[in-house]
Each structure stands twice: as C-alpha cells, then as structure tokens.
Amino acid sequence: MIDRTIADYFGIRADCVPRQRLDEFGRLMSQTTMQERETAYALARYVFSGQGEIFDVGSAAGGSSYCFAAGVLDSELSNKTRRVIALDKFGGYSIKAFRA
C-alpha cells in the first residue's frame, strides 16, 4: 500500500496497485521497500502525464525501474512510447545487498 500522504496529495487510492503487480514486485531484486515499489508504479500509472521521460537515478538492480515501467505500460496514456531511463554506475554491488 502506498503512503496515504502521497495518495491523498495526488488524489489516488492508497491500495491502487493490482494484485498481479504486487506479486511481480515482491519477486524483484531491489533495494527499495515494497511500499516504494508500489509508489513508483502508482505515480507512473496515475500521475505521470506522458510528457518527457522518467529518470530512475541510482537504479542498482533495476527493481524500481521495473515498477516505473509497469506503471507506464498499465496507464491510460495513448502514447506509450515514453521511456524509463535507468542510470547507475553499477559498481561495487554484491548479491548480498539485494537479499532480505
């Protein structure tokens, strides 16, 4: 469930992420919390206007990038050619950093 303050600010439901997506997000390698993954998805799906691009800086394993991209794909935007650009130096990470 996304943070209620964020949900209220943007006028979306805190439980707006579909169950199928929650299951996917739970299997991702990511340093983000489940709440952060759900928030990335919800902002990309319900708030992103399609103008410009989404930059995910410090994406490491790409879990947050996946959530942003899933939100754009599931959105009502007629032009789904927008990109999620993931940037990270991808150096110094070990598999231990992504295990709970």
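Start in the middle: select Ile2, Val17, Phe25, Tyr41 and Ile54, the residues with the most contacts inside the largest nonpolar core, which has 19 residues. A nonpolar core here is a set of buried Ala, Val, Leu, Ile, Met, Phe, Trp, Tyr and Cys residues joined through side-chain atoms within 4.5 Å. Buried means under 20% relative accessible area, exposed over 50%, and partly exposed in between (1.4 Å probe, protein chains only). Now colour helix H2 (19-26), helix H3 (34-47) and helix H4 (63-74): each of them supplies at least two residues of this core. Helices (H or I, at least four residues) and strands (E, at least two) are DSSP runs, numbered from the N terminus.

A word on what you're looking at: this is a predicted model, where local features need pLDDT of at least 70 and side-chain atom pairs count only at pLDDT 80 or more, while totals for chains, interfaces and linings use all residues. Residues are numbered from 1 along each chain as its sequence is written, and side-chain values use heavy atoms, with hydrogens and water left out.

Next, click on Tyr41. Leaving aside neighbours within four places in sequence, Tyr41 is in contact (heavy atoms within 4.5 Å) with Val17, Pro18, Arg21, Phe25, Cys67, Ala70, Gly71 and Asp74.

Stay with H3 and show the whole helix. H3 has 14 residues and spans 19 Å from first C-alpha to last, close to the 20 Å expected at 1.5 Å a residue; the expected span is 1.5 Å times one less than the number of residues. Which residues of H3 are buried? Select Arg37, Glu38, Thr39, Ala40, Tyr41, Ala42 and Ala44 to see them. The buried residues of H3 pack against H1, H2, strand E1 (54-57) and H4.

Slide along to Val47, also in H3. Val47 counts as partly exposed because its relative accessibility is 31%.

Last stop: Arg83, in the loop between H4 and strand E2 (84-87). Arg83 counts as partly exposed because its relative accessibility is 49%. Not counting residues up to four places away in sequence, Arg83 touches Glu53 and Ile54. Glu53 is 30 residues from Arg83 along the chain, yet their C-alpha atoms are separated by 5.5 Å.

Now zoom out. The chain has 4 helices and 2 strands, in the order α-α-α-β-α-β along the sequence. Of its 100 residues, 37% count as buried.
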